[in-house]
Amino acid sequence: MQLPGGILVNATLRRDFTFREFTGGLELMLNRQASPELNHVERVTQVLCNALASIGGQQVSEELVSGLSVGDRQFLMRQLAVHMDDRPVWLTAVCHHCAEKFDVSFLQSELPVKPAGKGYPSRDVIVSLGKVTVSVPTGNDQLAVSGITDNQKALRTLIARLVKIKGRRPGLKPENLTAKDIEKIESASEAMSPEIATEVLAVCPHCEAQNRLTATPYSCFEKSPDTLFSEVHAIAMHYHWREQDILDLPRARRQKYLQLIDRSRGMAAHSHVKQEDHNGRFF
Ligand SMILES: [Zn+2]
């Protein structure tokens, strides 16, 4: 599996990445309550920094993850969800046409991905001010506009970040871009940007109308940590290990210990029954 966009390493586009082993600590981090001070963009960066081992052969850092294109970041969040649990996702939809309810299921691993377009991650575009270089938006750009509530201002700020204007003549500033220029820049950036599907199409079984349903790339953030807590509780009760040590276990090892605990409980129950038989009476 490769990134739909990728990063430039010594002027070569690299699309490879590797995840670390998933631990309970990472699962806990996915819960919003674990770091309420972070906004959505910062949470994605924090989770990806902890979940990834490398991108394009580079050791993962906050700088590297923040500099990934938005499409790559969404792709990685969905891949994380797939790695953790690729069972079908069930949605209940209300048909926009007949208002009947129906259930839809899909696998996150089967949702389509649009790879980056020609020129990615930046290419030249001619606008009224001359030639400018347009880039795809990254996590850094998302963060820069995340606090701006006025949509027009947010768009202007984003565009100013995505264009590099060549030359030093006076007036060559992002503020002087016309509405048509901005449109051109937006569409060039969109055409280059990798994308993942954030909607699924579903046909209503009652009236056969086609419905669009939202499929979030961030389903990892919606999981309740209750199962994790009860698993940590079961292991701590049995082995008397520290919470942090249990959270540091790779997920597969944690599951293995839970199986062993279950088995030894089964054996204890079994030997109890045997003892009853041997004595021939209940006690
Ligand atoms: Zn319908």
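Helix H2 (40-51) and helix H4 each supply at least two residues of the lining of the largest cavity. Helices here are DSSP runs of H or I with at least four residues, strands are runs of E with at least two, and both are numbered from the N terminus. The model is a predicted one, in which local features need pLDDT of at least 70 and side-chain atom pairs count only at pLDDT 80 or more, while totals for chains, interfaces and linings use all residues. Residues are numbered from 1 along each chain as its sequence is written, and side-chain values use heavy atoms, with hydrogens and water left out.

**Cavity and pocket**

Rolling a probe the size of a water molecule over the atoms shows where empty space is left. On a 1 Å grid over the protein atoms alone, a cavity is a set of points where a 1.4 Å probe fits but cannot get out; a pocket is an open set with protein on both sides within 12 Å along at least five of seven lines, and lining residues have an atom within 4 Å of a point. Points are joined across faces, edges and corners, and a volume is the space filled by probe spheres set on the points.

The structure holds 1 cavity of 30 Å³ or more. The largest cavity contains about 40 Å³ of space. Its lining consists of His40, Val41, Val44, Val70, Arg73, Gln74, Gln142 and Tyr218. By class, this lining has 4 nonpolar, 3 polar and 1 charged residues. Nonpolar covers Ala, Val, Leu, Ile, Met, Phe, Trp, Tyr, Cys and Pro; charged covers Asp, Glu, Lys and Arg; the others, Gly among them, are polar.

The largest pocket holds about 440 Å³. Of the 21 residues that line the largest pocket, Val70, Pro137, Glu190, Ser193 and Glu195 lie nearest its centre. Two or more lining residues come from each of helix H4 (70-84), strand E8 (113-114), helix H6 (151-162), helix H7 (179-192) and strand E12 (195-196). H6 gives the largest share of the pocket lining, 4 residues. The pocket lining has 11 nonpolar, 6 polar and 4 charged residues. At least three of its residues come from each of domain 1 (7-115 + 196-222) and domain 2 (122-193), with bounds taken from an automatic or database domain assignment.

**Aromatic pairs**

There are 7 aromatic pairs, counted when ring centres of Phe, Tyr or Trp (its six-membered ring) lie within 6.5 Å; planes under 30 degrees apart are stacked, over 60 edge-to-face and the rest tilted. Two of the pairs are tabulated here.

| Pair | Centre to centre | Angle between planes | Type |
|---|---|---|---|
| Phe17 and Phe75 | 6.1 Å | 90° | edge-to-face |
| Tyr218 and Phe221 | 6.1 Å | 10° | stacked |

Phe17 in strand E3 (residues 17-19) and Phe75 in helix H4 are 58 residues apart, and their pair links distant parts of the chain. Ring pairs join Phe17, Phe19, Phe22 and Phe75 into a cluster.

Buried means under 20% relative accessible area, exposed over 50%, and partly exposed in between (1.4 Å probe, protein chains only). Phe17 is buried at 13%, as is Phe75 at 3%. Tyr218 is buried at 15%, and Phe221 at 8%.

Arg43 lies over the face of Phe221, 4.1 Å from the ring centre; the rule asks for NZ of Lys or CZ of Arg within 6 Å of the ring centre and within 35 degrees of the ring normal.

**Thr198**

Thr198 sits in the loop between E12 and strand E13 (199-203). Thr198 is partly exposed, with a relative accessible area of 34%. The C-alpha atoms of Thr198 and Thr214 are separated by 5.9 Å, with the two residues 16 apart along the chain.
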